[in-house]
Amino acid sequence: MAWISTSLNNETVSFKDIGYSTTDATQAEIDFQVTKEPATGAKCAVKALDSKFAVVGWKVVDVGPNPADASADGGRTTVHRAVVRTESLSVSGVVDSCWIPDADK
């Protein structure tokens, strides 16, 4: 039964990094896009990295439902900016993962 219930859930979410900037040694901004069903909410974990690829900042961002619009993909793709506090100067920022919160229930 568990296999059947989880295999029927086909909600997916994907992401793409599109930009990054360092405000100062205590903050970074990470720009990314998320593609999902417009009525579905998602969460994305973003991280800021230092020059040795160590994580110096981490945040989980809520990506709420979005209304369908006249865009090419029917409102499935939206752009987001996450402001992440950092413990030291970061040199890059990326999305680690995105997921649909209740997809496994």
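How many disulfides does the rule give? The count comes to one disulfide, where a disulfide means a pair of cysteine sulfur atoms within 2.5 Å. This is a predicted model, in which local features need pLDDT of at least 70 and side-chain atom pairs count only at pLDDT 80 or more, while totals for chains, interfaces and linings use all residues. Residues are numbered from 1 along each chain as its sequence is written, and side-chain values use heavy atoms, with hydrogens and water left out.

**View 1. The disulfide between Cys44 and Cys98.** The two sulfurs sit 2.0 Å apart. Look along the S-S bond and you get 110°, a right-handed link. Cys44 belongs to strand β3 (residues 42-49) and Cys98 to strand β6 (residues 92-99), so the bond ties together parts that are 54 residues apart in sequence. Strands here are DSSP runs of E with at least two residues, and helices are runs of H or I with at least four, numbered from the N terminus. Cys44 and Cys98 are both buried; buried means under 20% relative accessible area, exposed over 50%, and partly exposed in between (1.4 Å probe, protein chains only).

**View 2. An open sheet of three strands, in the order β1-β2-β5.** The pairing is antiparallel, and two strands pair if DSSP finds at least two bridges between them. At the edges are β1 (14-24) and β5 (77-85), each pairing on one side only. Neighbouring strands of this sheet are turned by 20° against each other on average, direction ignored; the axes are lines fitted to C-alpha atoms (for helices over the stretch in contact), with angles from 0 to 180 degrees between N-to-C directions. Zoom in on β2 (residues 27-35) and β5, and you'll find nine bridges in the antiparallel sense. For Ile30, the bridge partner in β5 is Ala82.

**View 3. Phe53, a non-glycine residue with positive phi.** Its phi is about 65°. Phe53 turns up in the loop between β3 and β4 (55-63). Is the residue buried or exposed? Phe53 is exposed, with a relative accessible area of 67%.

**View 4. Thr40, in the loop between β2 and β3.** Thr40 counts as buried, at 12% relative accessibility. Which residues does Thr40 contact, leaving aside its neighbours within four places in sequence? They are Glu11, Gly64, Pro65 and Ile100, with contact meaning heavy atoms within 4.5 Å. Val63 is 23 residues from Thr40 along the chain, and their C-alpha atoms are separated by 8.9 Å.
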